[in-house]
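Subject: Handing over a structure, with notes

Dear colleague,

I am passing this structure on to you, and I have written down what was found in it. Please look through the sequence and the model before you read the notes below.

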Amino acid sequence: MKETIETVLSVNDIRVKAYHGWYEAERKVGGIYNVSVNIFYKASTEQDFEDLEKSVNYEHIYDVVIQTMQQEFKLIEHCCKSLFDQLKALRPEFVWEVKLVKENPPIKYVGSTAFKIKG
């Protein structure tokens, strides 16, 4: 039996302006969102990590994030779940973690809010 190692591929801090929020004013004005993605998978200790087909292309992750964030969502949870579902479809056999941060929400003295899904 081949030995395996745990790997984590991360794409961090994709910043995008989007028009989400519970209140109509938030959806009109828009805000800055930050998306980070971790992909967990087991690899053989013999793997040389030279084959993109055995990994995930960063550009595909970026494209999914940008396309999804162009949609309008009222809740950060709904947006994060949509990101998760579309990213997971890229490599369903991997474990995906998606964190969505809303910078400067309309609450006094709150710097950001976040929601994370892993599975």
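The notes below go from the overall fold to single residues.

Please keep in mind that this is a predicted model, in which local features need pLDDT of at least 70 and side-chain atom pairs count only at pLDDT 80 or more, while totals for chains, interfaces and linings use all residues. Residues are numbered from 1 along each chain as its sequence is written, and side-chain values use heavy atoms, with hydrogens and water left out.

The protein has 3 helices and 4 strands, where helices (H or I, at least four residues) and strands (E, at least two) are DSSP runs numbered from the N terminus. Along the sequence these elements follow the pattern β-α-β-α-α-β-β. The C-alpha trace spans about 55 × 25 × 20 Å along its principal axes. Of the 119 residues, 40% count as buried, a term that stands for under 20% relative accessible area, with exposed meaning over 50% and partly exposed in between (1.4 Å probe, protein chains only).

The largest pocket has a volume of about 220 Å³. Here a 1 Å grid is laid over the protein atoms alone, and a pocket is an open set of points with protein on both sides within 12 Å along at least five of seven lines, in contrast to a cavity, where a 1.4 Å probe fits but cannot get out; lining residues have an atom within 4 Å of a point. Grid points are joined across faces, edges and corners, and the volume is the space filled by probe spheres set on the points. There are 15 lining residues, and the closest to the pocket centre are Trp-22, Glu-26, Lys-74, Lys-102 and Thr-113. By class, the lining has 8 nonpolar, 3 polar and 4 charged residues, with Ala, Val, Leu, Ile, Met, Phe, Trp, Tyr, Cys and Pro taken as nonpolar, Asp, Glu, Lys and Arg as charged, and the others, Gly among them, as polar.

Two of these names return together, as Lys-74 lies over the face of Trp-22, at 5.8 Å from the ring centre. The rule for such a contact is that NZ of Lys or CZ of Arg is within 6 Å of the ring centre and within 35 degrees of the ring normal. The charged end of Lys-118 likewise sits over the ring of Phe-40, 4.2 Å from its centre.

Tyr-41 counts as buried at 10% relative accessibility, and Phe-94 counts as buried at 6%.

The count of disulfides is 0, a disulfide being a pair of cysteine sulfur atoms within 2.5 Å. Cys-79 is in no disulfide, because its closest cysteine sulfur, in Cys-80, is 7.3 Å away, too far for a bond. Cys-79 is buried, with a relative accessible area of 1%, and Cys-80 is buried as well, at 0%.

The loop between β3 and β4 (112-118) holds Pro-106, which is exposed, with a relative accessible area of 57%. Pro-106 and Gly-21 are 85 residues apart in sequence and 9.5 Å apart in space, C-alpha to C-alpha. Tyr-109 is found in the loop between β3 and β4 too, and is exposed at 77%; its phi is near 70°, a positive value in a residue other than glycine. Asp-13, in strand β1 (residues 4-18), has a positive phi of about 60° although it is not a glycine.

Strand β1 also contains Lys-17, which counts as partly exposed at 46% relative accessibility. Lys-17 and Gly-31 are 14 residues apart in sequence and 5.4 Å apart in space, C-alpha to C-alpha.

With best wishes
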